[in-house]
Amino acid sequence: MITVDEVAGLIRGELRGKLPADTTIDESTRLEDLGMSSLQVSEVVFTLEEQHETEFDPARAADVKTLGELVALANDSLSAAAQ
Amino acid sequence: VRDDARAFSRSLIEEILPASVASADAFEDAADARLFPEEEAVVARAVGSRRRQFATARACAHRALAELGVAAVPILPGEGGAPCWPPGVVGSITHTEGYRASAVAHANEVITLGIDAEPNARLPRGILGRIALEAERRQVREFTATDPSVCWDRLLFSAKESVYKAWFPLTRRRLGFEDAAVDLDRGRGGFAARLLVAGPEVEAETLWGFAGRWLATERLVITAIAVPSRGTHMPSVEPRL
């Protein structure tokens, strides 16, 4: 199971300290509002895929807007792989 | 590779756009960049750096529209995050660290536009293998060995971003990194992208690819595609891929 905290940690790492420390990141946070580029979002997706040995639906991955959507996509991929 | 991007009196990206395209750019965020209330709402919850980036990029879009003779209007993100332009206008926006730009044109002169700027820095480890076809990776290795002043892997990524930005308004469909084969022209600052999926019908012809141009400075790589509304849609450089 991939958690919001896990993905939020990856995002903070991806932004390499450029995010103000008091920035709240939760399920409703829009990745764009954090100033993430498409490449940075891709890096987070690729990292999750590699760490969890799964592959996300690319069409859904391209449409991800919020952290919650990304977590849901990741867990759907894990569930599909387990079946 | 150019020494100093700021040496250009107008916009840097203008160098690689046809005369029918108006453009504006900025190398730092302006403190006085004004947004329309509708645009403000888009970044109401964004962190400060994102708000400044968005405001400067929109200011570039408004300036480019003015150069085109079109009154500034709110440029809001639409489907797929692509900016929505006034009727009769096509355009594109890009922003990366230290650079924001916008390009616009009349839709009766240019069918679609795609611009992208990236740092002239190597892609993070593992990304090239995810975004590039084998022939593209081979070309990146070859060009890197010949001319390391340009980060060819990043330039390839930028070209694919411009391809997507030019593709989406025509199709409203996703285009994966693997769905277009990009052939960079090292010496002449051009590139050709051959679609590996069915292209849209444009002016009664099937669009099978895009021709683009690129430039590199010490800090940036920039790519641009402008498909003219008349004449051939065939890339000027035949893809070798």
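1. Let me start with B:Ser92, which is found in strand 2 (residues 89–96) of chain B; strands, like helices, are DSSP runs numbered from the N terminus (E, at least two residues, for strands; H or I, at least four, for helices). B:Ser92 counts as buried at 3% relative accessibility, where buried means under 20% relative accessible area, exposed over 50% and partly exposed in between (1.4 Å probe, protein chains only). Not counting residues up to four places away in sequence, B:Ser92 touches B:Trp85, B:Ala101, B:Ser102, B:Ala103, B:Leu113, B:Gly114, B:Ile115 and B:Lys165; contact means heavy atoms within 4.5 Å.

2. A word on conventions: this is a predicted model, in which local features need pLDDT of at least 70 and side-chain atom pairs count only at pLDDT 80 or more, while totals for chains, interfaces and linings use all residues. Residues are numbered from 1 along each chain as its sequence is written, chains are lettered from A and ligands numbered from 1 in the order in which they are written, and side-chain values use heavy atoms, leaving out hydrogens and water.

3. Next, the rings. The whole structure, searched over all chains, has five aromatic pairs (rings of Phe, Tyr and Trp, the last by its six-membered ring, with centres within 6.5 Å; planes under 30 degrees apart are stacked, over 60 edge-to-face, the rest tilted). One of them joins B:Phe143 and B:Trp152 edge-to-face, at 5.1 Å centre to centre and 70° between the planes. B:Trp152 also pairs edge-to-face with B:Trp214, at 5.3 Å and 80°. B:Trp152 lies in helix 5 (residues 152–171) of chain B and B:Trp214 in strand 9 (residues 209–216) of chain B, so this pair ties together parts 62 residues apart in sequence.

4. B:Phe143 is buried, B:Trp152 is buried with a relative accessible area of 1%, and B:Trp214 counts as buried at 11%. The charged end of B:Arg186 sits over the ring of B:Phe143, 5.7 Å from its centre; the criterion is NZ of Lys or CZ of Arg within 6 Å of the ring centre and within 35 degrees of the ring normal.

5. Over in chain A, helix 1 (4–14) is among the elements that cover the buried residues of helix 4. In helix 1 of chain A, A:Val7, A:Ala8, A:Ile11 and A:Glu14 are buried. They cover an arc of only 120° around the axis, which puts them on the same side of helix 1 of chain A; the arc is that of the directions from the helix axis to the C-beta atoms. These buried residues pack against helix 2 and helix 4 of chain A. After helix 1 of chain A comes A:Arg16, with a positive phi near 45°.

6. How many residues does each chain bring to the contact? Chain B gives 14 residues and chain A gives 18 residues. About 1,500 Å² is buried between the two chains, with carbon and sulfur atoms giving 53%; buried area is the accessible area (1.4 Å probe) that two parts lose on being put together, summed over both. In chain B, B:Val47, B:Arg130 and B:Arg174 lose the most area to chain A, together 35% of what that side buries.
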